[in-house]
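Q: Can you walk me through this model, one question at a time?

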Amino acid sequence: QVQLVESGGGLVQPGGSLRLSCAASGFTLDYDTIGWFRQAPGKEREEVSCISSSDGSTYYADSVKGRFTISRDNAKNTVFLQMNSLKFEDTAVYYCAASCFMIFVPAGSWGRGTQVTVFS
């Protein structure tokens, strides 16, 4: 079965850190652009970060720039999202997909995501 599985979420206080993982099964993601997205309660899903398969170039939403870092480990078939200096507004379910843009992700292909909750 071809799928991406998110993990690594949890509860963290403001200023804390988490590292999310997006693991591929059933295929190798060496040649795929991988994006991270999130959906906060009552809000639309939004694009957070993306890493290109061709040259490793990265994209970050303004809201996370300087705090989040996306990386990939092709040997582990995994893409990571290191999240530092977390804020309350980072609370959301985080998803990964084989695209930088939600418009190109089929509605039925989203995974279960991983919950990140920033609390004090």
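**Pockets, sheet and rings**

The second largest pocket has a lining of 2 nonpolar, 3 polar and 5 charged residues. Here Ala, Val, Leu, Ile, Met, Phe, Trp, Tyr, Cys and Pro count as nonpolar, Asp, Glu, Lys and Arg as charged, and the others, Gly among them, as polar. This is a predicted model: local features need pLDDT of at least 70, side-chain atom pairs count only at pLDDT 80 or more, and totals for chains, interfaces and linings use all residues. Residues are numbered from 1 along each chain as its sequence is written, and side-chain values use heavy atoms, with hydrogens and water left out.

Q: How much space lies in the second largest pocket?
A: Its lining includes Arg 38, Lys 43, Glu 44, Glu 46 and Glu 89. A pocket is an open set of points on a 1 Å grid over the protein atoms alone, where a 1.4 Å probe fits, with protein on both sides within 12 Å along at least five of seven lines; lining residues have an atom within 4 Å of a point. Grid points are joined across faces, edges and corners, and a volume is the space filled by probe spheres set on the points. For the second largest pocket that space is about 160 Å³.

Q: How many charged residues are in the lining of the largest pocket?
A: The largest pocket holds about 200 Å³ of space. Its lining has 14 residues, with Gln 3, Leu 4, Ala 97, Ala 98 and Ser 109 nearest the centre. The lining divides into 9 nonpolar and 5 polar residues, and the charged count is none.

Q: Which elements give two or more residues to the lining of the largest pocket?
A: Strands are DSSP runs (E, at least two residues), numbered from the N terminus. Two of them meet the condition: strand 1 and strand 9 (92-97).

Q: What is the strand order of the open sheet of 4 strands?
A: Two strands pair if DSSP finds at least two bridges between them. Strand 1 and strand 3 (residues 18-25) are antiparallel over 5 bridges. Strand 3 joins strand 8 through 6 bridges, and strand 7 pairs with strand 8 (residues 78-83) over 6 bridges. The order is 1-3-8-7.

Q: Which residue in strand 8 is the bridge partner of Ser 21?
A: Bridges can be followed across the sheet. Leu 4 has Ala 24 in strand 3 as its partner. Arg 72 stands opposite Val 79 in strand 8. For Ser 21, the partner in strand 8 is Phe 80.

Q: Which residues form one aromatic cluster?
A: Rings of Phe, Tyr and Trp (its six-membered ring) pair if their centres lie within 6.5 Å; planes under 30 degrees apart count as stacked, over 60 as edge-to-face and the rest as tilted. Phe 37 and Trp 110 are edge-to-face, 5.1 Å centre to centre with 85° between the planes. The rings of Tyr 95 and Trp 110 have centres 5.8 Å apart and planes at 70°, so this pair is edge-to-face too. The cluster is Phe 37, Tyr 95 and Trp 110.

Q: How many residues apart in sequence are the parts tied together by Phe 37 and Trp 110?
A: Phe 37 is in strand 4 (residues 34-39), and Trp 110 is in the loop between strand 9 and strand 10 (114-118). The pair therefore ties together parts that lie apart in sequence by 73 residues.

Q: Is Trp 110 buried or exposed?
A: Buried means under 20% relative accessible area, exposed over 50%, partly exposed in between (1.4 Å probe, protein chains only). Trp 110 has a relative accessible area of 18%, so Trp 110 is buried.

Q: What is the phi of Asn 77?
A: Most residues other than glycine have a negative phi. Asn 77 lies in the loop between strand 7 and strand 8 and is buried, with a relative accessible area of 14%. Asn 77 is not a glycine, yet its phi is positive, at about 55°.

Q: Where does Ser 85, with its positive phi near 50°, lie?
A: Ser 85 is partly exposed, with 41% relative accessibility. Its place is the loop between strand 8 and strand 9.
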